[in-house]
Amino acid sequence: MNLERKVALLGAVAAGALTLAACGTDDNSGSVDVDASASAATCDGKANLSSAGSSAQKNAMDQFVSTYIAVCNQKGANVNVAYNPTGSGDGRTQFAAKQIDFAGSDSAITGEQAAQAAERCAGNPAWNLPLVFGPVALAYNIDGVDDLVLDAETTAKIFNGSITKWNDPAIAALNEGIELPDAGITPIVRSDSSGTTDNFQQYLETASNGAWTSGAGSDFTGGVGEGAKGSAGVAQAVAGSPNSITYVEKSFADQNGLSVARIDNGSGPVELTEETAGKAIEGAEFVPASEGDLTLDLSSIFGSSEEGAYPLVLATYEIVCSAGYDADTAAAVKSFLISAATEGQDGLAEQGYVPLPETFKTRLTESIDAITAE
Amino acid sequence: MSDAPVTSVPLSTDEPTRSGTGGPTGSTEDTIGTPPSPERTRKTVVRPGDRIFGSLATGSAVLISVIIGAIAVFLVWRAVPALERNQVNFLTSREWITQDVADMAFGVLDLFQVTVLVSLFALALAMPVALGIAIFLTMYCPDRVRKPLAYVIDLLAAVPSIVYGLWGMLVLAPFLRPVAEWLNTNLGWFPLFATGSGSIMGGGTIFTAGIVLAVMILPTIAAVSREVFVQTPVSHVEAALALGATRWEVVRTAVIPFGKSGYISGSMLGLGRALGETMALYLILRTTSQPFSWSLFDGGATIASKIALGYAEFNNDIQAGAYIAAGLVLFVLTFVVNAAARMIVAGKKD
């Protein structure tokens, strides 16, 4: 191969690379239409916050960040928040190791880790602030069935193998008038450790009247089914396998065109919508702990039998120091969280999340305001 | 491969004063191939360059040994606290319960078996194809296309494994479905094709994963084999031709015997890559709660993909230690495979 040809080849490769690079625009700042004058965000403090954790709140976080950047741009401040969706456990570990300013997590920081986090916060407790709520859908793929009702007990039995056929009497009793196939159920679960699995199993433990006995945790414990990787993976797996069912964040079920089961919480079947999930959150109670910490008592959501409340909701927290930040960091964290809790909530439903109910917002902003530097 | 020193000895003794690159005495060059003679070694001049290069080379060798040693120490150090809490036999159990550090039960058996089966399956698919590629490139290929083709094959090694994973999951798995179904219905009596724990419809089985893995290790084996086959002494080839051998007979009698050890060590390199491959299998393989049954249509996780699946939610060092213990098993397995490859290659040389 002579030099000329080599150069020509190099040119062709370079041109190809440029063309590909041009497709990869990933600009998530600017172009957000918000009114900064209504915002309570101060945009003070250090310009670059770093955070990591839950991948379930990634899309919400992306929106919070782009809104925050837009608001602060209008106020003349140049800010950024880098959120790395590496997983809740990793987020909590990094937070405790002081590598990031705050963590996103699908479960509250407790026990030994909370002690480590307190050390990181110069002896002050770390707070769990529930900021992002994502409804989890029971998405299924049965030919000819697009309206299915399940309750926690049958769901638990499906996911631990006590119910193996779609036309099982227990399912039929909840779905009168619907012809269910005489086919085996393929439960699809998350193969990776995830907060979604943890919340789903806690829901089953709380609401299934004792049908779920294998405990909770971020690994699936039911002992049946096939595990696929990530929310996208399970949704795809259900779309590709007839007679399968999975638990997955609503947005992924919608993207893959999957049918979503209605959940009977004891007062009739409830469809999964922004309103029904919001209603369950409104009824949420908190674990009585220190002032300011907003760790949720999840059984108040999962066990809700209020009419029209959809109980299977994934609550994710931001974990912050109640005090012990340096002044710059404290100001920036507060400013960002305030922005996320107020104007950041607009349009969150389109991303598959539930916007915070008003009463909840008040509670949350009180806690955020109480964060102090020291 | 190893005939260089044999010819260089007479050359240097014939011309003891030959100075190659203009050194004033020329004695340093000559000591290399010469049998040790006391007067010569005493006179050896050592220049700063020798010392610097010598210590750099030694340093590199020491550094890599230290790094490997440090990895081993790290793995053991982190794994021991978890293993101490383990309530089942780590090597023979199939469970994997690490959430509660007070009540841990984890064993590596399933992971180990899946890792071995998927890697061997990939190797079995890749080895013959790689041999064909290497022989084609050295013996049959017209000169004009040889280089571009070799480039393209090397390029396969440059594709990121996540791309292979996505391709395997989204494109190859649905494409392979009829093949897998046919194998399962017609050859299901054979244990490898028996109905396993993975769903053939879903495609997240060892079968799909092994085929993707085979494509991934193909360039490694083909490139190493080609490099070795190219070095077949022309005299061997010409001798075979002189005896009236056809081209295939030349390949069989001259090229393959000469390059066998290179081919095998290339394959072992490929196997090493297959054992440690993470991302592609992480995406393709569907996990299962059923025990592994040595079927290609089983699901499961390999040691490396299990670590990746768990990584995001490690809560503490002890839980991480359970995964690191599995990593230690993979480390030992890879070590054994490489040692075996070395022994095979060393044995073949004589």
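User: Which residue of S3(B) is the bridge partner of Glu226(A)?

Analyst: It's Thr288(B), sitting in S3(B). Keep in mind that this is a predicted model.

User: What makes S7(A) and strand S3 of chain B count as paired?

Analyst: Pairing takes at least two bridges between the strands. S7(A) and S3(B), residues 287-288, are joined by two bridges, so they meet the rule. They run antiparallel.

User: How many residues does each chain put into the contact?

Analyst: Chain A puts in 27 residues and chain B 23 residues. On the chain A side, helix H3 (88-96), helix H4 (111-120), strand S7 (226-228) and helix H8 (230-240) each give at least two residues.

User: What kinds of residues make up the side of chain A that touches chain B?

Analyst: That side splits into 17 polar, six charged and four nonpolar residues.

User: Why is H8(A) called largely enclosed?

Analyst: Count its residues: nine of the 11 are buried, so the rest of the structure largely encloses H8(A). To be called buried, a residue needs 20 or more other C-beta atoms within 10 Å of its own. Among those that pass in H8(A) are Gly230(A), Val234(A), Ala237(A) and Gly240(A).

User: In what sense does S8(A) pair with S4(A), and in what sense with S6(A)?

Analyst: With S4(A) the sense is antiparallel, over six bridges. With S6(A) the sense is parallel, over three bridges. Thr246(A) in S8(A) turns up in both pairings: Ala139(A) stands opposite Thr246(A), and Ile188(A) also stands opposite Thr246(A).

User: What else does Ala139(A) touch, leaving aside its neighbours within four places in sequence?

Analyst: Besides Thr246(A), the contacts include Ala235(A), Val238(A), Val248(A) and Leu258(A). In the largest nonpolar core, which has 107 residues, Ala139(A) is one of those touching the most other members, along with Tyr68(A), Leu138(A), Val313(A) and Val333(A). Strand S4 of chain A, residues 126-141, gives the most to this core, 11 residues. Another core, of 77 residues, lies apart from it and includes Ala79(B) and Phe207(B).

User: What makes S5(A) and S11(A) edge strands?

Analyst: Strand S5 (149-151) and strand S11 (269-270) of chain A each pair on one side only. The open sheet runs in the order S5-S10-S11 of chain A, with mixed pairing. S5(A) and strand S10 of chain A, residues 262-264, run parallel and are joined by three bridges, and Asp151(A) stands opposite Asp264(A) in S10(A).

User: How many helices and strands does chain B have, and what share of its residues counts as buried?

Analyst: Chain B has 13 helices and three strands. Of its 350 residues, 36% count as buried. Among chain B contacts between residues at least 6 apart in sequence, 71% join residues at least 24 apart.

Key: Residues numbered from 1 in each chain as written. Chains lettered and ligands numbered in written order. Predicted model: local features only at pLDDT ≥ 70, side-chain atom pairs only at ≥ 80, totals over all residues. Core = buried A, V, L, I, M, F, W, Y, C linked by C-beta atoms within 7 Å. Buried ≥ 20, exposed ≤ 12 C-beta atoms within 10 Å, placed from the backbone. Helix = DSSP H or I, 4+ residues; strand = E, 2+ residues; numbered from the N terminus. Contact = placed C-beta atoms within 7 Å. Nonpolar A, V, L, I, M, F, W, Y, C, P; charged D, E, K, R; others polar.
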